[in-house]
Amino acid sequence: MNMHKLTSKVRRRAVLAGASLAIVLAAMPVLAQDLSGELVILQWQGGTDAEMWQKLEADFTAKNPGVAVRELVVTGQGDMRGPMRTALLGGEKVDIIINTWPAFRAELVDAGILRPIDDLWASAGLDAVLDPSWKDLGSTAGVTYGVNYTYGDRSAIWYKKAHLEKAGVEPPKTWEEFLASLDKLKAAGFAAPIAMPAKYWAHGEWFETLLLRTGGVEAASKLAAHEIPWTDDIVKTTLKKYAELLKAGCCGTPEQMFAGDWDYSADQIFTADASNYLMIGMWMNSRARNDYKLNEGVDYSIFQFPALGLGHDDTSSVDAKEVAVTANGANPAAADAFAVYMVSKDAADILASYGYASPSKNADPSLLGPVQQVATAAVAQSKVQFVLGDLLPGDLVDEYRVQLQKFLQDPSDATIDAVTAAIEAKAQELY
Amino acid sequence: MQETVASRTVDARPGSPARSGGEQSNRLATRLRMGDWPAAWLLITPVLILFGIAVVFPLIDTIRLSFFDIKGLAKPKFIGVGNYVKLFTDPAFRNTLLTTLTFTISTTIISVGLGWMLAMVSAFAPRQTLPFRVMIFAAFGISEAVAGYMWIGILRPDAGGLLNAVIGLVQPGFAQPWLGDPRTALWVLIIAASWGGVGLPLMLCFASVQSIPKTLFEAAYIDGANHWQVMRNIMMPLSLPGVRVAVFINLLGALRAFDIIYILTGGGPVRSTETVGYFMYRESMTQFKLGYGAAATVVLLVAVLVVSIPAIIQRTAGAR
Amino acid sequence: MIGRAPRWPTIVLGIFGFIWIIPIIGIVMTSIRPLAETSRGWWRIDSFTLTLSAWQRVWEAYPLAPAFVTTAILAALATVGTMLLTPAAAYAFHFLKFPFRRLLLIIIINAFVLPQQVVIIPLFQLWRELGLIDNFLAVLIPYIGLSFAWSIFLVKNFLEDFPTEVVEASRIDGAGPLQTFWYIVLPNSLSSVFATGILQFLWTWNALLLPLLYLRTNVPLPVILARVNGTYELNWDLQSVAAIVTTVVPLVVFLIFQRQFAAGAETRTGAKD
């Protein structure tokens, strides 16, 4: 039944969806009713993201006139998982959950809220649309739950071209060049070349890519699963590399780092011209374009994290968003169709118009701006690992960020020992 | 009962019938109360129902939840006093107790103290100071979240922060990261949180002072007292009741503070500004460890009750 | 009150008054200037452009107008509820005799130590059972129920000063306890009831936590404000407008009623005459 509805849905989009789907459809002739009913989406995003979602939903309903999409909007402060959990625990039934935290997916699976989509994956021919690595990213314990519809490079360093030119610096390729560029930038009058937003969480970004470059994706995923302890040498080496930055005077005083969130750090680079480098996700792009009115690729750009020379320089940290379908939703057929729609060419085009990269093979990368193209190219050549902070259990994330703050206060070897021991102690309680 | 010099003095003023022959009328009142209970229950039943749903039930349920391990959406697991054991070994929690104490006491002292002083000062020129009292009251109507955004603009770490800019006039290039420095973060947070609280004690104490019979002041001035002595010996003791109400309402606010802490410091740097109220919210709402959050709540309740026992005894007496 | 007013109190209060409204000026400035000008400090006036763009955009981008109505309804109902029920209970506790009077009073007025966070989860589960999520009652009941802890304390404190003789006289004249309340006590304690009402109005108008969790379709202004804040965009100007819209009503209400407030919240020395 579901399958029929699904194929009908897919059939009408077959022209766009590529050869593999056409073959599937040829094998499954039209038996179909049109999709109908209400499709409920748990929406926690705001601003431009919410606007983009309304476009996606409008496009989907234009293609499936029988379906009416309703957004269940939740609001929160800080971590949006809080209001999402409240809504779900409150007995709200939704068909689609937008998720960006692998740890949260595991929680939803444990609670029996999500429905596996391995069958859908096969019947809709998603293997032809998404690489296996994206399927893995959307899986928990070997079962697929999420269709990744967008991703972002989290190992990119943002800079303003004029700053580097002023200091006579080329975007650095190696760690040594990077450290050397800090001195040149300081000589050019920038007291703190790296804007380090350590108020909430963004100081973890540097740690996370350094960890990948030190231990590779395997070590990072083992650490996330606590198969290696936080006191492992890989973690300590990572922190020592991080300490090299701090000792080179990258970021001003710890107090200055603690005072700002990433918004403030972005201001420091793009409007105050006081700092030069910011390591943050790709959402920075729309901020730079729309809010700072800068010219993408001309006024500012990104470079991928410099090569550390420890044998794992082909790694990148990424974030991703997926749509997951629920087990208790009232309209599973429409939910499945929507999940498939999200990796179609039309959806990818809408995403691209908002500056978001899609992992779908239906996507046309040339629609992306120059900065996103740099990022997608870098990710395409990398082994990717999901942002560590979103893989760890909530408690540990908190401890990890606080301990990293302690490390920023005093990046000595003794602190590194103390900090790793403290995170490990917390991890022992939790796993 | 909390009989003060103040009230006696005022009650003694001519034309006030309040306390004359109090004892006798109390006995009379007691007699009249017989047979009142149907009416009484009629009047308080709606209150009891709403209070029961909104306060008693959640309180009991919180105590129950505190014995369970709840992680996110997973099924609750009974763990006895496990949450409490964990709480008292959690350095982050112990830390919050001290921070809460500092935060609560300081904000109360600053807002009530300042409001009280300003009330007495403005009583010397009630009409002329009215617009300024209104300006200070205005802050009381502003929500914590909005106040948080307002203060961010003042406390920014660079020269774009108003505070740094003002100090920068004397000391060019001054850029203290107020909210990032563990030595200053809690104190600027306290000042920001007290800002909104000054209006209430100002108004309450001003009203207290206004209601002091003029004859008292006249007598004092005739005796050669100066402004300071009038303030110290007449206004201060006679406005104590206003102070009491203000302290009560301020404590309430300080224990509940969340938004302003979240916006200004996020509890940091390195947890130096985490109060128990913030901790509870973080544990239960963002981490969704409902059981642990509930245990923290119970501990806070017990702590507050212990601290406020003297006041409770006094108030119980007042309940006659 | 004390002869001719000296000058220094005005100067002292003036200084504090102006310091106190600086943050408010900041938020107004941010709302009427382009972001580019205020991003490095709203107080900078090297260039000053007046724009109402944020004031226009925010209404389109966010449902501020319906939220305004929702907030007004919620705050009004919660305020009326507290203003009706509190004096009745305070009167009963103060002048009438009934079993458990003392115990109930102690429990109620000591509940003020309860932080609001306590009620969130248990009530959430209760509302879910009762299907009250997204119903105004889900926030109105705790708004009113939680207010008793302080409101009964305030009004009862006022009644301590109420002349007992008047009550007794009324009873001797044959009035029942309810008539005495309605015709004698209530009309003469309106100022304390108003004070309670103003505080309750301010607090429910600004309440964020409960509506954030219990309401979905029609949400009040503070929730919208949290939404405006919770995006990745740089929108301090929109946030400022939303903040001003959220704040302006309680401010006006407060300023209009501040006289009643001051009179009513007064306790022992009471301005009852």
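Predicted model: local features only at pLDDT ≥ 70, side-chain atom pairs only at ≥ 80, totals over all residues.
Three residue pairs, both members at pLDDT 80 or more, are in polar contact between chain C and chain A.

**Chain C against chain A**

Three elements of chain C each give two or more residues to the side that touches chain A: helix H6 (117-130), helix H11 (209-214) and helix H12 (221-229). H12(C) gives the most, with three residues. Sorted by class, this side of chain C has ten nonpolar, two polar and five charged residues.

In residue terms, 17 residues of chain C are in contact with 25 residues of chain A. About 1,900 Å² is buried between chain C and chain A, with 56% of it on carbon and sulfur atoms. On the chain C side, the residues that lose the most area to chain A are C:Arg216, C:Tyr232 and C:Leu234, which together make up 37% of what that side buries.

C:Arg216 also takes part in a salt bridge: its partner is A:Glu92, and the closest N and O atoms are 2.7 Å apart. The rule finds one salt bridge across the interface of chain C and chain A.

**Chain B against chain C**

Between chain B and chain C, 117 residues of chain B are in contact with 113 residues of chain C. The two chains bury about 10,600 Å² between them, and 75% of this lies on carbon and sulfur atoms. The count of salt bridges between chain B and chain C is zero. Two residue pairs, both at pLDDT 80 or more, are in polar contact between these chains.

The side of chain B that touches chain C is made up of 81 nonpolar, 23 polar and 13 charged residues.

**Domains within chain A and chain B**

Chain A is assigned a domain 1 (2-153 + 318-375) and a domain 2 (156-317 + 389-430). Chain B is divided into domain 1 (20-65) and domain 2 (82-318). The table sets out values for the two domain pairs.

| Domain pair | Distance between C-alpha centres | Buried area | Part on carbon and sulfur atoms |
|---|---|---|---|
| Domain 1 and domain 2 of chain A | 31 Å | about 1,400 Å² | 55% |
| Domain 1 and domain 2 of chain B | 32 Å | about 360 Å² | 80% |

In chain A, 16 residues of domain 1 are in contact with 19 residues of domain 2. The area buried between these domains of chain A is about 1,400 Å². Within domain 1 of chain A, A:Asp153, A:Val318 and A:Val371 lose the most area to domain 2, together 41% of what that side buries. Zero salt bridges are counted between the two domains of chain A, whereas three residue pairs, both at pLDDT 80 or more, are in polar contact across their interface.

Four elements of chain A each supply at least two residues of the side of domain 1 that touches domain 2: helix H6 (102-110), strand E6 (146-153), strand E10 (315-325) and helix H18 (370-380). The largest share, five residues, comes from H18(A). By class, this side of domain 1 of chain A has nine nonpolar, five polar and two charged residues.

In chain B, four residues of domain 1 are in contact with six residues of domain 2. About 360 Å² is buried between domain 1 and domain 2 of chain B. B:Thr62, B:Ile63 and B:Leu65 supply 85% of the area that domain 1 of chain B buries against domain 2, more than any other three residues. Across this interface of chain B the rule finds zero salt bridges and zero residue pairs in polar contact with both at pLDDT 80 or more. The side of domain 1 of chain B that touches domain 2 has three nonpolar, one polar and no charged residues.

**Confidence in chain B**

Chain B has a mean pLDDT of 81, with 85% of its residues at 70 or more.

Note on methods:
Residues numbered from 1 in each chain as written. Chains lettered and ligands numbered in written order. Heavy atoms only, no water. Contact = heavy atoms within 4.5 Å. Buried area = accessible area lost by both parts, 1.4 Å probe. Salt bridge = Lys/Arg side-chain N within 4 Å of Asp/Glu carboxyl O. Polar contact = N/O pair within 3.5 Å; in protein donor to acceptor, adjacent residues only side chain to side chain. Nonpolar A, V, L, I, M, F, W, Y, C, P; charged D, E, K, R; others polar. pLDDT = per-residue confidence, 0-100. Domains from an automatic or database assignment.
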